[in-house]
Amino acid sequence: ASAGGAMLALILLLALATPFLPLQDPNATATAERFARPLSPDHLLGTDHLGRDLLARLVHGTRLSLAMGLAAALLAAVLGSILGIVAGFLGGRADNLIMRGIDMLMGFPYVLLALAIVAALGPGLVNALIAVAAVNMPFFARNIRGVTVALAGREFVDAARLSGMGNLRIMAVEILPNVLPVIVIALTTTTGWMILETAGLSFLGLGSQPPQADLGSMLGEARAALISHPHVAVVPGVMIFLVVMSINLFG
């Protein structure tokens, strides 16, 4: 956890400091310098097939991938937790209706479902974020629903009802604080996976659109030169590994 936290802190610090770093324009092309090797003059990590500086694109791409992954995780956590609390607390028909809908979502392979959502909405970062949040929402809903069912019959909930609290207030004041630790733990253990999923959609050309760089799109553009110029793919690949592993270890 300490190693993961330290690595994650460094990556987050790099992402936050990106606007203030003396980096080249990540979208500036220079075909005369295409596929420059790492440690080349003016290009510490080399250049890609259009002569764009890999260090600049890596730092900006890491920032964008982190933002997209964290936003997707928060959206999935919020929506899934709301559905889970409502289903677990109200029970009966509301529980059956919500959970059968969740079961339908979980019945599809999540990657294919994400691809179908992006295909329906169109390629783009926002649509990729929506797709990743939608396919991960059932995980939160099921976990939180199970915890809420156990809490709904507790004495402090009965006391809240007797004091005149409505269902909405009980869920917000009594249930939510008790399920919040579960939400936080689930969030820390799934954020890395969601970053990987958003990178995967960008790798397929369904997320970040040229010339905007994120880690997945950098990998996708490097496929054609993987054998002849492997550093173009290794640079974003190693960063994806470090980001996901640091989050998983910390979680």
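How many salt bridges does the structure hold, and in what setting are they found?

A: This is a predicted model, in which local features need pLDDT of at least 70 and side-chain atom pairs count only at pLDDT 80 or more, whereas totals for chains, interfaces and linings use all residues. Residues are numbered from 1 along each chain as its sequence is written, and side-chain values use heavy atoms, with hydrogens and water left out.

The structure holds nine salt bridges; a salt bridge is a side-chain nitrogen of Lys or Arg within 4 Å of a carboxyl oxygen of Asp or Glu. In general, side chains of opposite charge can pair when their charged atoms come close.

One of these bridges joins Asp48 and Arg52, with an N to O distance of 2.8 Å. Asp48 has 2% relative accessibility and therefore counts as buried, and Arg52, at 4%, counts as buried too. Here buried means under 20% relative accessible area, exposed over 50%, and partly exposed in between (1.4 Å probe, protein chains only). Asp48 and Arg52 also belong to a network of salt bridges that includes Arg57 and Glu221.

Arg154 and Glu155 form another salt bridge, their closest N and O atoms being 4.0 Å apart. Arg154 is partly exposed at 40% relative accessibility, while Glu155 is exposed at 60%.

A further bridge pairs Arg145 with Asp95, the closest N and O atoms lying 2.5 Å apart. This pair links distant parts of the chain, since Arg145 is in helix H5 (residues 125-152) and Asp95 in helix H3 (residues 92-106), 50 residues apart. Helices are DSSP runs (H or I, at least four residues), as strands are (E, at least two), numbered from the N terminus. Arg145 is partly exposed, with a relative accessible area of 27%, whereas Asp95 is buried at 10%.

H3 has 15 residues and reaches 21 Å from its first C-alpha to its last, close to the 21 Å expected at 1.5 Å a residue; the expected span is 1.5 Å times one less than the number of residues. Asp95, Ile98, Met99 and Ile102 are buried in H3. These four cover an arc of only 90° around the axis, which puts them on the same side of H3; the arc is that of the directions from the helix axis to the C-beta atoms. Arg93, Leu97 and Met104, on the other side of H3, are exposed. H2 and H5 are among the elements that cover the buried residues of H3.

Not counting residues up to four places away in sequence, Met194 touches Gly69, Ala72, Ala73, Ala76, Val132, Asn136 and Phe140, where contact means heavy atoms within 4.5 Å.
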